[in-house]
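The following exercises are to be worked through with the sequence and the coordinates at hand. Each task is followed by a solution in steps.

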Amino acid sequence: MGIKTLKPQTRSTIITYAIVVGAFVLVTILDGLGLISHSLSGQLVPICAYVSLAVSLNLVVGVSGELSLGHAGFMSVGAFTGVVVAGCMARAGVENGILLFVGAAVVGAIAAGVIGFLVGIPVMRLRGDYLAIVTLAFGEIIKNLLNIFYVGVDDAGLHFSLTDSASLGMSKGTILINGPKGAVGIEKVSTFFIGIVLVLVTVAVVLNLMHSRDGRAIMAVRDNRIAAESIGINTTKYRLMAFTVASALAGAAGVLYAMNYSTIVPSQFDFNQSILILVYVVLGGMGNISGSIISAAFLTVLPEVLRPINNYRMLLYAIVLILVMVVPHTKIYQRIADALRRRFRKGDFDDAPVAEAVAEEGGEAHE
Amino acid sequence: MEVLTNLINGMSLGSVYAIIALGYTMVYGIAKMLNFAHGDVIMVGAYICFCAVSYLGLPAIAGVALSVVGCTVLGIVVERLAYKPLRNAPSLNVLITAIGVSYFLQNAALLIMGSDPKSFSSIISLPALNLFDGALTISATAVLTILACVAIMVALTMFTGKTKMGKAMRACSEDRDAAQLMGINVNSTISMVFAIGSGLAAIAGVLMCLAYPTLMPTTGSMPGIKAFTAAVLGGIGSIPGAALGGILLGVIEIFARAYISTQIADAVVFAVLIVILLIRPAGLLGKPVNEKV
């Protein structure tokens, strides 16, 4: 059975997994040959984290059709919870890196999922740009609260404080989260392998959800809320489901990101971070999982590749971003694209126009 | 008296938010887009004024005029190059383009002006006013800011209500296609809105730097987000709503800083926004839109 005879859905699923596994194999081989520069190999774990974040945000923005501007908030909830869990586990004598990570990631994901659920209840009462601004507000609130959050651990257990590290009341403990100075002394256990596994888990969760009955309900709510409601779909439930799952996955990605560094600070997870993830999703295509993977990886590497022209790289990044968005809508581009399509797609008109029409309608539904 | 001082400071900060929020709300009303680059136009305006006064030696008022002209031109150029081709694209694409423009302006400013903060107080500084035998001290900046906000509000309400251009703007925000059929040039109307919004942003930039005199390439981003919040709070698309939302937000922020904690003042501001949106999902003065099947 060739790949052409498969259902389009199965085909795209296989291609998505193949991209991730292929990237892992390719990078491992190149690394073995010593072809990967030091700065790039330092980027491998963040790339995996951003890919997971983009895929999970795509569940909210692309699949569920809600604009969320606070994804970094859930990432930080996961990151800081994970750091505390890993700190406690390390103190209890766990040394295995993978075990530390799994413990941290599971608890981090649960914490972020719970926060996402609680945030989602009020958020899902709103729509469109109002929903966007409230997610932005929650992201900022989480960042602000983490700034006054102090956690330490000693033999008596965990200590919390909202004023300063001295009032934790510990005798011989370690400070895990130190207010605006962030989480310190993190166990650096994240590796590229763990990152790829997390990406695969994230992709599997999102794709399985999308292709399930629940996923179809979520997409029905996106495409036409009133029609979905009239056939008995509980719209709030399904929107909340997408939001909560995405938050939990963002939490796990946050753990991966945090455990790649020895220190993280709350101000890293600000509005700009959320926007960065949103850019990956929009650039990769709404609801398109492999698109999110590729654009997140590409856009994380781009500033590194542009490092030789250090001063101008962010300026160039901005220009690339604008051009990628604007050029497909210019008349010249459309004319060239039409001409090319006519030249190369002769006799292959079976499904292309239909797919385009559907994509266009999907785009309009978000407005 | 401390309460009164805080109230006046809050209203002054709120006036700046209100002026910025006007730009957001007008652009949203007519082009249905969230212009995330608006905050960075504030920063550009403040830099133009700073350069005009400190490098060219112009008087402060000429510096302000120059920055208004500069930002107006910037607004029109950005709209023409980046947003106009996307008139019929999905709104998220326009949002990402606006973010690209925001990055571009910030990094261009970083390259031209450097990352070290510039002190605005060295070029323009106004004395403080003492009232009631020194019991109440108000900075002249605060008074000037509030007056400027009131003047702008009145002028803008008159403009949208009485003039032909204002009527065209309202028609475009009501129904763009119908307005076009009535012979209104939609493209030039949208350009006009961007021009007005950006010019106002320049004034807001100068006023903000009078009160908080540190000028950096990232100066505009946080006030931009707060003003966006203010516009939503008041009901996005509504001009009086933007003013009300801005002033409310400024007062809440200053009171939260004074009586709760400086560290979580922003959290309080955003929490108030969420509570208000839950009670009135379309903002304070926004009209709820009924969905049609």
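**Exercise 1. Confidence in chain A**

The model is predicted; its chain A has a mean pLDDT of 84, with 92% of the residues at 70 or more.

Task: Determine which elements of chain A have the lowest and the highest mean pLDDT, and over which residues pLDDT stays under 50.

Solution. 
- Step 1. The stretch with pLDDT under 50 covers residues 348–367 of chain A. For these residues the model has 13 contacts beyond four places in sequence.

**Exercise 2. Overall form of the two chains**

Solution. 
- Step 1. Chain A contains 15 helices and three strands. Its C-alpha trace spans about 75 × 55 × 45 Å along the principal axes.
- Step 2. Buried residues amount to 45% of chain A and to 53% of chain B.
- Step 3. Among contacts with a separation of 6 or more, those between residues 24 or more positions apart make up 76% in chain A and 75% in chain B.

**Exercise 3. Helix H4 of chain A**

Task: Decide whether H4(A) is largely enclosed or largely open.

Solution. 
- Step 1. H4(A) comprises residues 71–91, 21 residues in total. Its first and last C-alpha atoms are 31 Å apart, close to the expected 30 Å.
- Step 2. A residue counts as buried when 20 or more other C-beta atoms lie within 10 Å of its own. Of the 21 residues of H4(A), 18 are buried, so the helix is largely enclosed by the rest of the structure.
- Step 3. Just after the helix, A:Gly93 adopts a positive phi of about 105°.

**Exercise 4. A hairpin and A:Ser161**

Task: Describe how E1(A) is joined to E2(A), and classify A:Ser161 as buried, partly exposed or exposed.

Solution. 
- Step 1. Strand E1 (residues 150–154) of chain A and E2(A) run antiparallel and are joined by five bridges. The hairpin between them passes through two residues.
- Step 2. Within this pairing, A:Val151 lies opposite A:Phe160 of E2(A).
- Step 3. A:Ser161 belongs to strand E2 (residues 157–161) of chain A. With 18 other C-beta atoms within 10 Å, A:Ser161 is partly exposed.
- Step 4. Beyond its neighbours within four places in sequence, A:Ser161 contacts A:Tyr150, A:Ser167 and A:Leu168.

**Exercise 5. The interface**

Task: Identify which element gives the most residues to the side of chain B that touches chain A.

Solution. 
- Step 1. The interface brings 37 residues of chain B into contact with 35 residues of chain A.
- Step 2. Helix H4 (91–113), helix H9 (221–234) and helix H11 (265–279) of chain B each give two or more residues to this side.
- Step 3. The most come from H4(B), with 13 residues.
- Step 4. By type, this side of chain B has 28 nonpolar, seven polar and two charged residues.

Conventions. Residues are numbered from 1 along each chain as its sequence is written. Chains are lettered from A and ligands numbered from 1 in the order in which they are written. This is a predicted model: local features need pLDDT of at least 70, side-chain atom pairs count only at pLDDT 80 or more; totals for chains, interfaces and linings use all residues. pLDDT is the predictor's confidence in each residue, from 0 to 100. Helices (H or I, at least four residues) and strands (E, at least two) are DSSP runs, numbered from the N terminus. Two residues are in contact if their C-beta atoms, placed from the backbone, lie within 7 Å. Ala, Val, Leu, Ile, Met, Phe, Trp, Tyr, Cys and Pro count as nonpolar, Asp, Glu, Lys and Arg as charged, and the others, Gly among them, as polar. A residue is buried if 20 or more other C-beta atoms lie within 10 Å of its own, exposed if 12 or fewer, and partly exposed in between; C-beta atoms are placed from the backbone. Two strands pair if DSSP finds at least two bridges between them. The expected span of a helix is 1.5 Å times one less than its number of residues.
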